[in-house]
Amino acid sequence: MSSLNNCNKNGIPTEVFKKYLNLYKTIGLMDKTIELLDEKYQNYKELTNKDNILYFYKTYFSDSKLKDTRIKQYIDKKTGEYTKNNDEIILKNIVRIFDLIDSGAELRIDVEEFRNLANQFVRGTKLNNFFKKNNKGELSYIDRLETICKEYLNATKKDDIELIYASISMLVDFLYLSPFTYFNEEIGIIMFYAMLKSSDIKSFNYYSFFKVLFERKGEFDKAILNAYHLLDQNLNNCFDLLYLMLDICVESYQKINELNDNITYDKQLKKQETVEAVIYKLPINFSKQDIMKLLPDISMTTVDRCLKRLSDEGKITAWGKGRNAKWVRLDKTYDNEINFD
């Protein structure tokens, strides 16, 4: 009995299929934007990784006694290496885990990788994160986890199941099994995130997956419980969770589009600020050509926008029309200082 084995029992519901179409249409439309971000805005990846750590910690360690300022110090690596505080040790371990994923290191889908991740969480603490002991006559937790890993790898190698669907099904199977003494939910969602990062979904390089999950954790928990309930009945059980994750992916691309618009606007605003600064260095009466001579790399359109904005704000006024028009600054307009010759 597993979610992965149940995937092909029935067709995909219409609403899920439509969400898939929406997602991949969005990916196609946003490919160029992602390429531009990859080329010019690598610093956003670092900020996204920091957001991931922050919101992961807020989501799964909400009972921690660490204050936000202290959490951010660890995320920014502005603390010493040594600490006896158990919460701080675990947070440092989480930072290391996310740094590893962010570096592009590919996590293997096998028992040893899960064991390594389980040990990473408790590194430096007094906790031992072992596999649970199985009941007499049952397969060991190691063997059952190995079966889950093999089912996932077989399904994805044969392209029997779409990658996001397969990753979600594996997440449910892992959480349902909960093979370790501690941190099963945290281990499962990190492995899922790593699998998602290796898929066609590139938006999470620039928008925090765990920020969205933090905001929609109630929906996530409800979908997981429903998946468990249907799994107990040996039914195709992951469609609610799949729909939610596809929706989160679409939302992330929408946020990326907003980010790109904000970056473009910010760049345009900075250019206008440059134009305005030049205007205040020119004589009190000046022409558009005077500006262009000093700022040859800035477009005429940007200059025109800046002139219109300053005119609307009452800082300058036009004198004349057409190419020979002059402009006058109104900060200290005295007749004897104005010369239109």
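User: What is the volume of the second largest pocket, and what makes a residue part of its lining?

Analyst: In this predicted model, the second largest pocket has a volume of about 240 Å³. A residue belongs to a lining because it has an atom within 4 Å of a grid point of the pocket, and among the residues that line this second pocket are Met 1, Asn 5, Arg 144, Asp 173 and Leu 231. Helix H7 gives the most to this lining, with four residues, and both H7 and helix H8 (163-177) supply at least two.

User: How do you know which residues of that lining are nonpolar, polar or charged?

Analyst: Asp, Glu, Lys and Arg count as charged, whereas Leu, Ile, Met and Tyr are among those that count as nonpolar, and the others are polar. With these classes, the lining of the second largest pocket divides into six nonpolar, three polar and three charged residues.

User: Why is Tyr 141 called buried?

Analyst: Tyr 141, which is found in helix H7, has a relative accessibility of 15%. Buried means under 20% relative accessible area, so Tyr 141, at 15%, counts as buried. The C-alpha atom of Tyr 141 is separated by 8.3 Å from that of Phe 180, although the two residues are 39 apart along the chain.

User: What is the volume of the largest pocket, and which element gives the largest share of its lining?

Analyst: The largest pocket has a volume of about 470 Å³ and is lined by 24 residues, with Ala 105, Glu 106, Ala 194, Lys 197 and Ser 198 lying nearest its centre. Helix H9 provides the largest share of that lining, five residues. By class, the lining holds twelve nonpolar, seven polar and five charged residues.

User: What makes a space a cavity rather than a pocket, and how many cavities of 30 Å³ or more does the structure hold?

Analyst: A space is called a cavity because a 1.4 Å probe fits there but cannot get out, whereas a pocket is open. The structure holds one cavity of 30 Å³ or more, and the largest cavity has a volume of about 40 Å³. Its lining, which includes Phe 114, Met 170 and Gly 188, divides into six nonpolar residues, one polar and no charged. Gly counts as polar.

User: Which residues form a nonpolar patch on the surface?

Analyst: Ile 12, Phe 17 and Leu 21 form this patch, with about 280 Å² of accessible area together, and Leu 21 lies in helix H2 (residues 14-40).

Technical notes: Residues are numbered from 1 along each chain as its sequence is written. This is a predicted model: local features need pLDDT of at least 70, side-chain atom pairs count only at pLDDT 80 or more; totals for chains, interfaces and linings use all residues. Side-chain values use heavy atoms; hydrogens and water are left out. Patches are made of residues with over 30% relative accessible area and no salt bridge: like charges are joined within 9 Å, nonpolar side chains (Val, Leu, Ile, Met, Phe, Trp, Tyr) within 5 Å. Accessible areas come from the Shrake-Rupley method with a 1.4 Å probe; for residues, only the protein chains shown count as cover. A salt bridge is a side-chain nitrogen of Lys or Arg within 4 Å of a carboxyl oxygen of Asp or Glu. On a 1 Å grid over the protein atoms alone, a cavity is a set of points where a 1.4 Å probe fits but cannot get out, and a pocket is an open set with protein on both sides within 12 Å along at least five of seven lines; lining residues have an atom within 4 Å of a point. Grid points are joined across faces, edges and corners, and a volume is the space filled by probe spheres set on the points. Buried means under 20% relative accessible area, exposed over 50%, partly exposed in between (1.4 Å probe, protein chains only).
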